[in-house]
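Hi everyone, thanks for making the time this morning. I'd like to walk you through one protein chain, starting with the whole fold and ending with a few residues.

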Amino acid sequence: MSMRGQLTYPEISSQAEALAAAWKQLDVQVDWLNKYIGNPSYDEVVFIGSGSSYYQALTMAVTFRKWTGRVATAYPSSEIFLFRDQTVAANRKILLVGVSRSGESTEVILALKSVAHLSNWDTCGITCYEDCTMAQISECLISPLGKEKSTVMTKSLASMTFLMQAAIAKVSGEQQWVDEMEAVLEQDEAVVREADALVKPFIEGKDFKKFVYLGMGAYGGLAMEACLKLKEMSYVWTESYGTMEFRHGPKSIVEPGTIVCLLLSQTARAYELKVAQEMKDYGAEVILIAAIAGEDTAFADLVIEVGLAQVSDEARSVLYLPAAQYLGYYTAYGLGLNPDEPRNLTQVVQI
């Protein structure tokens, strides 16, 4: 590797190791699991974050609802400390879960502190840094190898998303979810290698004007995250939408020179592929990140298979991230940009 991307590339490529450390961490912090997300006394679990942390919070909330049958929501941190009464119904017992790579984001700290005086709110968090400000004010679940030197979140996000999903699996009372997360852990390293090998030649020499990410369910937040990765690293104009929602107006932007990347679920596969085929007919190049390819995906320009079609869409979530991260990285590299130093950005956002 040249000097460009000397931080970002190895961090994307080493995320399987970070997931393995996160899995082991669950045994270390079993008391945290039982005290917080495994505690059935809460009427609602509210996951909050900013930017990438908010997008992964969306996936965490989806997973919590599906696997536990309990109420969970996700919001930007700022909604809690600026618009709490409009965001969360009063007179309910709430667990507020801060999500932050650094644990230093001003907005998540303000949100956690803003409910400290409320007897019906408890707080906790998930981060990569044991000694951060967030961990000093709320007990935190720690991703030991999620720490990063680069500005753009890659392995930190993958490891934190996996860590929280695995924690939810452990407290769900359903062995199926635990087994699925273990299968994902075993699959991740191969998925990272394959994504790198497929994305690099696909992006090389491409001259595209627009990039659109689509996803639903657990992949709705991930589509937003994938969109952000491309914007942060390459400054290419990028949008993200719910797959079916994209047909209701936004599809007017599609023309030759557009790439549409669909994070394909198994749950809504037939419906989502109809949308992707329609975008292909309008002149877009189509990338599918999917559990498995088939005759129904033959129309796509690139299919990246992550495997494990037999497990739930929620469990497979982190397997969709390497391709999205490499798409941002190789697009930036092809444009002569350094993804380690994205314009206007810092690793920690403070206000």
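Before the first number, one term: a residue is called buried when its relative accessible area is under 20%. With that cut-off, 58% of the 351 residues in this protein chain are buried. Please keep in mind that what you see is a predicted model.

Let's take the overall architecture. The protein chain has 12 helices and 10 strands. Its radius of gyration is 19 Å, close to the 20 Å that the globule rule gives for 351 residues, so the chain is as compact as a globular protein of that length. Along the principal axes, the C-alpha atoms fill a box of roughly 55 × 40 × 40 Å. And if you take the contacts with a separation of 6 or more, 76% of them join residues 24 or more positions apart.

Now the surface and the charges. The chain exposes about 13,900 Å², and carbon and sulfur atoms supply 50% of that. There are 29 positive and 43 negative side chains, with the centres of the two sets 3 Å apart.

On to the cysteines. How many disulfides does the structure hold? The count is zero. Take Cys128: its nearest cysteine sulfur belongs to Cys132, 9.2 Å away. Cys128 is also buried, at 0% relative accessibility. What about Cys132 itself, and which cysteine sulfur is closest to it? That would be the one in Cys140, and at 5.2 Å it is too far for a bond. Cys132 is buried as well, with a relative accessible area of 2%.

Cys140 comes up again when we look at Gln29. This glutamine is in the loop between α2 (15–28) and α3 (30–35), and at 13% relative accessibility it counts as buried. Setting aside residues up to four places away in sequence, Gln29 touches Cys140, Leu141 and Ile142.

Follow the chain through α3 and you come to Tyr36, in the loop between α3 and β1 (44–49). Is Tyr36 buried or exposed? It is buried, with a relative accessible area of 7%. Beyond its neighbours within four places in sequence, Tyr36 is in contact with Tyr42, Leu95, Thr123, Cys124 and Glu139. For a sense of scale, Ser317 is 281 residues from Tyr36 along the chain, and their C-alpha atoms are separated by 23 Å.

Terms used
Residues numbered from 1 in each chain as written. Predicted model: local features only at pLDDT ≥ 70, side-chain atom pairs only at ≥ 80, totals over all residues. Heavy atoms only, no water. Helix = DSSP H or I, 4+ residues; strand = E, 2+ residues; numbered from the N terminus. Rg over C-alpha atoms; globule rule 2.2 N^0.38 Å. Buried < 20%, exposed > 50% of the residue type's maximum accessible area, 1.4 Å probe, protein only. Contact = heavy atoms within 4.5 Å. Areas by Shrake-Rupley, 256 points an atom, 1.4 Å probe, with all protein chains shown as cover. Lys, Arg positive; Asp, Glu negative; His and termini not counted. Charge placed at Lys NZ, Arg CZ, Asp CG, Glu CD. Disulfide = S-S within 2.5 Å.
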